[in-house]
Amino acid sequence: MTQTTLERPQAKSEPFVAKEPSRRLLAAAEFMLFLIVGLLLLEPILKIGGVVDEENYAIDKRIGWTPVPNRSATYRSEGYSRYKINSLGMRDVERTIAKPPNTFRIAVLGCSVTEGKQVPIDQTYCRVLENQLNASGGPIKYEVLNFAVSAYTLGQEYLRMKCFALQFKPDLVIFTARPNALLYMGPNHKAGFFNSRPIFGVMPDGSLVEDHHFQNHWLASAEGRRVQNTRWLSDNSSLYALIGKCAFSLAEFKKKLTTEFALLFAPKRKRANIIAGSLLPGVDVRTSKQTLSGALDYLGQVAAAIVKEAKGECDKAKCRFLLAYLPASARYRDAKEAKIFSDFCRSMKIDYVDLNPEFDRIERTSTTPLYVEIHPSKFGHERMANSFHRLFQEGGYLKSSQQAGSSHPAFVQNVN
Amino acid sequence: MIFSSLNFLFFLPIVFLAYWLSSGTLRKLILLVASYLFYMSWLPSYGLLLFFLTAANYFIGLAIEKYSAKKAFLLLSLVINLGCLAYFKYANFLCQSFFESAAITHGYFGLIKVPQIPPVLDILLPLGISFFAFEFIHYTVDVRSGSKAIKSPLDFALFAAFFPSQVSGPIKRYQQFDEQLHAAKKLHQQDMVEGLGMLMRGLFKKVALADNLAVITSLSVNKVFALGTVDAWVLMFAFLLQVYFDFSGYTDMGIGAARLLGFHLPNNFDLPYVASKNLIDFWQRWHITLSTWLRDYVQTPLTGFRSSRLRFNVATLLTMTVCGLWHGAAWHYVAWGFVHGVLLVLTREYLQIVKGSQMLKRLHGKKWMMPLACLGTFIAVHFTQSLFLAKSVDDAVVIMRNMIWYKPSTLGLAEMFWQSPVVVPLILYSLWGLAFVEIPWLPSKNFGFVRSFLTATPARQYALFSCVFVAAIAFCPSSPSPFIYFQF
């Protein structure tokens with residue numbers, strides 16, 4: 001089949017010589033024809049393969065991005081899972097906006113942890129929880145609606161709740177925060193497409209500010225314009241969607257090269273600034289240290305303002321509100337963050353639950369992994385569903401807002 | 001810089017152009033500079049080590065040829081090359097093993113008091129050190145046996161540093177390389193087509209297949225206790241494919257890059273998983289250049305030319321144990337090599353029995369026996385590969401136990417495998433295999449027309465390569481994994 005020795009082949013083809021122009025044209029035409037046919041054949045193959053996950057979000061000028069309805073792809077960062085977005089743009093089974101009679105709706109807002117692309121849809125904690133709640137077979141049917149979207153910040157969760165989730169008339173809203181949620185609230189220029197989101201801040205009087213400058217800056221960039229202007233192509237062609245992936249890789253490569261060249265000729269004292277600058281342009285390493293030390297405190301205030309607004313919206317819509325701090329392996333979370341959440345929830349009398357202590361305990365005793373890597377595994381989702389189920393029963397959450405009244409006692413606890 | 005990186009996508013065309021636009025000594029110099037740049041892109045100080053070993057072996061080669069104390073010079077070469085290998089690759093392993101044994105001795109007899117945590121030496125393994133140390137040993141041993149030494153320092157430096165085979169082989173033989181270095185070179189259409197073809201095939205194997213499989217194996221390798229029976233089989237299957245696609249993909253790219261520069265490197269793989277009738281056959285098809293190196297420079301000296309069966313079998317066991325140790329400085333690699341050694345000896349003994357039995361001969365001559373034998377070999381390799389994958393012998397035992405005794409699945413690896421984007425590239429690769437490769441037990445002649453149609457003209461082949469390139473990028477995961485064989 002193949003040559004296994006170093007011997008030179010006896011017969012050699014002709015060396016490269018300039019062909020006649022007509023023969024060259026013919027060869028070029030043949031190449032183009034076969035290339036086009038080959039690429040056309042590749043298009044359905046890539047579709048079946050479910051690749052190019054990056055382009056499965058559409059730009060939303062208010063929220064940042066939303067999942068494209070009816071798209072399916074393969075998630076391939078931590079393990080693999082084939083996922084499908086429903087016709088309403090949720091990683092959920094098909095739902096109706098109008099609430100069916102005798103139904104208790106729970107809307108879950110969150111990020112990739114709740115979206116759970118690492119596991120099949122029926123293993124996500126929202127689906128497991130829904131099945132557990134309906135298992136008793138009572139007169140009330142429970143629906144746990146999954147509104148989570150990858151890489152969402154608390155601010156985006158708030159906007160998705162306000163602009164979309166509340167239309168479903170939920171009886172209970174679970175607002176979730178992943179570990180490191182606070183640090184992810186800042187702008188991240190390395191994020192490419194995921195730059196395109198509003199940044200939230202607080203004014204000295206504590207009021208919330210929604211800032212779209214960073215988002216608009218990216219939308220006005222060449223890549224931002226390409227994504228907006230070629231939506232149809234990237235929605236319908238897997239090959240075209242590849243361009244986004246390549247553009248991002250090339251931009252990263254260019255930045256890396258520029259940094260390495262700059263480092264080659266830079267004096268030692270300036271090197272730290274160049275490295276910091278390659279991470280976030282315009283950052284001076286001396287000031288960034290101070291900025292980072294104060295970042296959590298400031299972002300904690302922003303998070304508190306967002307949660308307060310979200311709670312206000314829920315009160316207006318007459319549904320209960322619960323803030324849940326979702327679990328992650330200890331090495332991925334900051335103890336200070338959990339305290340910030342629990343402190344402001346206590347002071348604002350907002351229901352709050354931290355699932356981490358229970359998960360830490362399980363992790364110490366169980367050999368079954370709770371996390372794929374950062375995100376929960378099938379077992380992790382199962383445990384989260386169990387925790388919520390128990391919490392709902394103990395906290396009296398499963399009464400409709402009319403039954404429970406509009407004001408609730410503050411419920412701040414760690415699930416143990 | 002690795003072959004499947006963006007850096008290499010820019011590096012290779014620049015070297016290619018500079019190489020073919022120059023001639024004579026300048027051409028060789030360009031290739032040498034490119035090779036050192038390629039090597040030093042990981043860590044510039046690595047270049048010094050390569051330079052030192054090159055210079056030492058060059059002068060030793062000349063000295064062996066010129067002076068009568070040939071044995072002493074050969075010994076010096078072995079000390080330098082194996083000493084470097086032992087220091088950089090095995091120092092921590094030896095140190096750790098010493099302290100562990102001392103701790104056991106202390107536990108039983110209270111003889112030596114040892115620290116609870118063995119000291120770890122801060123040594124960074126230079127990439128490809130095993131490969132070029134083996135090439136140097138081959139060079140000095142062959143010169144000692146009467147082959148001519150390379151006179152030109154530039155030619156020798158190129159043999160040592162040639163970037164397409166530098167960090168992961170194939171392990172070259174200097175006689176053939178030197179001959180090609182001196183041959184008049186012109187850029188041939190065939191070299192271009194075959195070189196690009198190998199490059200694209202290697203890229204597809206690495207990024208579309210191996211890297212996607214790596215996601216599955218890397219997720220589960222640290223969770224061996226949680227593996228169910230199906231998980232364990234799927235994990236080992238994924239790892240087996242990953243190792244093959246990763247390593248053969250890299251060497252294909254190396255062979256392709258060399259071919260673009262007019263060099264023919266030896267092939268390293270010849271359908272090891274689908275055409276190996278038994279384990280002896282497997283080792284003649286898997287990492288061929290290492291197997292032949294071990295045969296020529298370890299097994300043959302151990303066996304001698306007229307040896308008994310017992311001595312031959314002991315030599316096989318020792319050679320395979322060395323092969324295991326070469327793959328990594330850890331006991332599970334040693335155990336893996338030893339187990340393969342035992343299986344090779346058993347296979348050889350069985351083949352002796354077959355030779356003497358008419359009935360068994362007839363049985364092995366049956367048509368249906370061939371795919372069965374290939375399947376049996378595959379399962380044997382599949383099963384023993386857990387020693388290669390696991391982090392320790394204990395972990396390997398857990399994997400093997402889970403493969404044998406039923407345990408329900410907790411990781412859902414089978415589901416993950418089917419949902420992974422590796423299935424479609426695997427099907428594409430298999431279709432390509434049917435059309436382009438002759439598998440002994442498959443009537444692949446039926447697909448020959450596809451090959452003839454697609455390779456009728458260079459234009460069609462370039463179009464095909466472009467499509468393979470696009471497909472490789474499309475299926476490439478967001479975070480490619482490093483080459484497995486770099487650590488060896």
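**Briefing: domains, chain contacts and a hairpin**

The model is predicted. Between chains, 47 residues of chain A are in contact with 46 residues of chain B. Chain A also holds a hairpin made by strands E8(A) and E9(A).

**Domains of chain B**

- Contacts link 21 residues of domain 1 of chain B with 20 residues of domain 2 of chain B.
- On the domain 1 side, helices H1 (6-21), H4 (70-109) and H5 (129-144) of chain B each supply at least two residues.
- H5(B) gives the most to that side, with 5 residues.
- That side of domain 1 has 11 nonpolar, 7 polar and 3 charged residues.

**Chain A against chain B**

- The contact count is 47 residues from chain A and 46 from chain B.
- On the chain A side, helix H1 (21-49), strand E4 (81-84), helix H8 (238-265) and helix H13 (378-395) each supply at least two residues.
- H1(A) gives the most, with 12 residues.
- The chain A side divides into 23 nonpolar, 15 polar and 9 charged residues.

**Hairpin in chain A**

- Strands E8 (residues 199-202) and E9 (residues 208-211) of chain A run antiparallel and are joined by 4 bridges.
- Val202(A) has Leu208(A) in E9(A) as its bridge partner.
- The hairpin has 5 residues between E8(A) and E9(A).
- Gly206(A) sits in the turn, with a positive phi of about 90°.

Definitions and conventions: Residues are numbered from 1 along each chain as its sequence is written. Chains are lettered from A and ligands numbered from 1 in the order in which they are written. This is a predicted model: local features need pLDDT of at least 70, side-chain atom pairs count only at pLDDT 80 or more; totals for chains, interfaces and linings use all residues. Two strands pair if DSSP finds at least two bridges between them. Two residues are in contact if their C-beta atoms, placed from the backbone, lie within 7 Å. Ala, Val, Leu, Ile, Met, Phe, Trp, Tyr, Cys and Pro count as nonpolar, Asp, Glu, Lys and Arg as charged, and the others, Gly among them, as polar.
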